[in-house]
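Here is a short report on the structure shown below. It takes the chains one at a time, then their contact.

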Amino acid sequence: MDLNIAGIRLDVTEDGYLTDVSQWTKEIGAEIAKNEGVVMTDRHWEVVSWLQEQVKNDVALSVRGIKNSGVLDIKEFYALFPNGPLKVSTKIAGVPKPKSCI
Amino acid sequence: MKNLVILGAGTAGTMMANHLVSKLPKTEWKITIVDQYKTHYYQPGFLFLPFDTYTEDQVKKVGKKFIPKGVNYIQKKIEQIFPEENKVELEDETLQYDILIVATGCKIAPQETEGMKGENWHKTVFDFYTFEGSLALRNKLRDWKGGKMVVHFTEMPIKCPVAPLEFVFLADSYFTKKGMRDKVDLTYVTPLGGAFTKPKATAALSHLMKEKNIKVVTDFNIERVDNEKNQIIDYGETAVDFDLLVTVPTNMGDEVIERSGMGDDLNFVPTHHNTLQSLDHENVFVIGDASNIPASKAGSVAHFASETLTDNILLYIDGKPLKEEFDGHANCFIETGNNKALLIDFNYKFEPLEGTFPIAGIGPLKLLKESIFNHWGKLAFRWIYWNMLLKGIPIPMVSRNMSLKGKKIN
């Protein structure tokens, strides 16, 4: 599937996740956030950068990982990205959401 | 004399010992394998033990039986690895190595979740990822009168990520056969966005949950187990009631990895995805569940990886560049209940697809589709595990790298 965001054609999964993180820009992140009903603040962007860094280092993302991140606590994570914080924040960050084998 | 030391005599470590004993010249190399435990468990059998499909004896054997002659087998606790000094400290001796293979696996860490390993552990809160947990659950189920059964997993990555799904399918079958399905309310609780998370599998398999009357709770990130109210509660304050909780706790690499300062937050060792060399030390290689590679933590992955790793150890000894060959290949049977199973075959890049396996267009096994034949395959796998896999014997027609032949890509 592909999607047009901020005038750029992007490859995305069927549920709207970027398949190539190198296509990600802050404008694209902001546009995805808007579709998810999230108003981005500096704090949101900090979390997005942290998630991208984790993925780059092959660290499996989990809510527990957030707890030990030193970046924010889980309560704040839920407040910033309501309705499935990991699902929403990874989409905005342009990284894959945690998945299983099937 | 040079030393190759393997840490861990589980699935991956045992396979490496069997591969290398015939490849390394005995006059130049001494192979040592270390594991403190005497028993080798057939871990896929822990799924069947609770339902009385397998007996205790069918899932465990004496580990020594599978270590080849010519390999030095030490049954001692590993205290610490000193990768800068090429040595491993055991409880009462120190081993020097030229090459180290880390195969220390991963295990459940229920203590990571508040209240999980509390007063109700193995009474109404069970795991089935340990022999003890699986056996305790079997004894509980034998005379359980019914109620709310919640099948849950805490977070990814876990060993065999489809096992919780298989468990809930087999539970449906088990209670139906016992004539008490109407007395059991089955709920599957996952931290992920759905019971199925890959597009092809979602399309092909979502109907199963409905057909079997299994409720699904998604995006559930457990914060604690409330042992008073018998609830699991997530960080968003959603609560799920249970009478019987079957959970997969957080999975972590062995504590020796943490003590040695070689792991990530979950004690998994950073490892090159395609060569299986550790990222920090060139004479340290990592195989099986101990590594952080983004492949499934499964015996079949260790099996395919062991073939590449054997080649790479020989290349490393010769001072040649390593093969960047391993593709994350996994091949797993998935029980869906009522004596049926699915087969999936996938790697880092390709999600499980529909098709035929291992012979394109013929099969006889069908990919991503329920069949009785696949169920027989799963049961036959126990024999294959003990008699072929551990001994490092290649499975006929199944190559180390995934093949696209017979698969429907679109």
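How many helices and strands are there in chain A? There are 5 helices and 2 strands. Helices (H or I, at least four residues) and strands (E, at least two) are DSSP runs, numbered from the N terminus.

This is a predicted model: local features need pLDDT of at least 70, side-chain atom pairs count only at pLDDT 80 or more, and totals for chains, interfaces and linings use all residues. Residues are numbered from 1 along each chain as its sequence is written, while chains are lettered from A and ligands numbered from 1 in the order in which they are written.

**Chain A**

Along the sequence, the pattern of chain A is β-β-α-α-α-α-α. Its radius of gyration is 13 Å, close to the 13 Å that the globule rule gives for 102 residues, so chain A is as compact as a globular protein of that length. That radius is taken over C-alpha atoms, and the rule is 2.2 Å times the number of residues to the power 0.38. The C-alpha trace of chain A spans about 35 × 30 × 20 Å along its principal axes.

Of the 102 residues in chain A, 32% are buried. A residue is buried if 20 or more other C-beta atoms lie within 10 Å of its own, with C-beta atoms placed from the backbone. Among contacts in chain A with a separation of 6 or more, 48% link residues 24 or more positions apart. Two residues are in contact if their C-beta atoms, placed from the backbone, lie within 7 Å.

Helix α1 (residues 26-35) of chain A packs on helix α5 (residues 85-93) of chain A at about 145°, with the axes 7 Å apart. Axes are lines fitted to C-alpha atoms, for helices over the stretch in contact, and angles run from 0 to 180 degrees between N-to-C directions. Gly29(A), Ile32(A) and Ala33(A) in α1(A) meet Lys91(A), Ile92(A) and Ala93(A) in α5(A).

**Chain B**

Chain B is divided into three domains: domain 1 (2-107 + 252-317), domain 2 (133-248) and domain 3 (330-389). The bounds come from an automatic or database domain assignment. The C-alpha centres of domain 2 and domain 3 of chain B lie 23 Å apart. Here 13 residues of domain 2 of chain B are in contact with 11 residues of domain 3 of chain B. On the domain 2 side, α3(B) gives the largest share, 5 residues.

Chain B also holds an open sheet of 5 strands, ordered β5-β2-β1-β9-β20, with parallel pairing. Two strands pair if DSSP finds at least two bridges between them. The edge strands are β5 (71-74) and β20 (284-286) of chain B. Neighbouring strands of this sheet are turned by 20° on average, direction ignored. Strands β1 (residues 2-7) and β2 (residues 29-34) of chain B run parallel and are joined by 6 bridges. Lys2(B) stands opposite Trp29(B) in β2(B).

**Where the chains meet**

The contact takes 29 residues from chain B and 19 residues from chain A. On the chain B side, α4(B) supplies the largest share, 3 residues.

The table gives two contact surfaces by class.

Notes
A residue is buried if 20 or more other C-beta atoms lie within 10 Å of its own, exposed if 12 or fewer, and partly exposed in between; C-beta atoms are placed from the backbone.
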